[in-house]
Amino acid sequence: MAITCKLESFKNLQNVVLPLMQKHYEETSFFADKYKFEPNINQYITLEENDQFKFFTIYNDWELIGYAGYWLYKHQHCDIVFAAQDGIYIKPEYRKLGYGKQLIEFIDQVLCAFCVEFVTVATPIKKDLSEMYIKQGYELVDKQLMKRI
């Protein structure tokens with residue numbers, strides 16, 4: 001078993017990764033019970049083409065076992081480049097084996113090469129991964145609240 005992390009093109013992998021994205025949505029999204037899974041594929045591709053979205057994968061040999069996406073942006077008040085995690089997903093049978101940690105460590109190295117200084121993640125209440133991120137060196141700095149209007 002060879003575990004490999006990669007930076008890849010979302011555009012090239014969209015058909016392979018969409019089933020995993022749907023499972024991720026169903027498991028964790030606040031909206032999953034109310035709204036159908038309909039990702040804006042064109043937005044991902046356009047931002048990727050403009051170097052504003054990075055897509056990472058993790059494989060067990062040739063099997064895709066997980067992914068993560070990150071939006072890259074410049075802070076609106078100072079000259080700092082951020083990466084905001086769009087989502088991270090590891091197939092259930094590969095969880096609690098250190099593969100999420102391995103993928104995050106790889107992502108941190110690659111994002112650093114893109115001059116990213118800070119990475120932000122939001123972890124859903126349904127599947128709180130705060131402790132995993134804190135062990136990886138993340139700090140709790142904000143809380144996110146939501147209200148339907």
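Tutor: Hello! To begin, helices H1 and H2 are oblique to each other. Keep in mind that this is a predicted model.

Student: At what angle do the axes of H1 and H2 cross?

Tutor: The axes of H1 (residues 10-28) and H2 (residues 41-49) cross at roughly 140 degrees and come within 11 Å. Angles over 145 would count as roughly antiparallel, so this pair is called oblique. The crossing of H1 and H2 is right-handed.

Student: Which residues meet where H1 and H2 touch?

Tutor: From H1 come Phe10, Lys11, Gln14, Leu18 and Met21, and from H2 come Ile41, Tyr44, Ile45, Glu48 and Glu49.

Student: Now Thr57: is it buried or exposed?

Tutor: Buried means under 20% relative accessible area. Thr57 has 0% relative accessibility, so it counts as buried. Thr57 sits in strand S2 (residues 53-60).

Student: Which side chain makes a polar contact with that of Thr57?

Tutor: That of Glu8, at 2.5 Å. Beyond its neighbours within four places in sequence, Thr57 also has contacts that include Leu13, Tyr67 and Leu103.

Student: How should I read a phi value?

Tutor: Most residues other than glycine have a negative phi. Here, Asp51 has a positive phi near 60 degrees, and Asp61 has a positive one of about 55 degrees.

Student: Where do Asp51 and Asp61 lie?

Tutor: Asp51 is in the loop between H2 and S2, while Asp61 is in the loop between S2 and S3. Asp51 counts as partly exposed because its relative accessibility is 45%; Asp61 is partly exposed too, at 40%.

Note on methods
Residues numbered from 1 in each chain as written. Predicted model: local features only at pLDDT ≥ 70, side-chain atom pairs only at ≥ 80, totals over all residues. Heavy atoms only, no water. Helix = DSSP H or I, 4+ residues; strand = E, 2+ residues; numbered from the N terminus. Buried < 20%, exposed > 50% of the residue type's maximum accessible area, 1.4 Å probe, protein only. Polar contact = N/O pair within 3.5 Å; in protein donor to acceptor, adjacent residues only side chain to side chain. Contact = heavy atoms within 4.5 Å. Axes fitted to C-alpha atoms, helices over the stretch in contact; angles between N-to-C directions. Parallel < 35°, antiparallel > 145°, perpendicular 65-115°, else oblique. Left-handed = near helix turned anticlockwise from the far one by under 90°.
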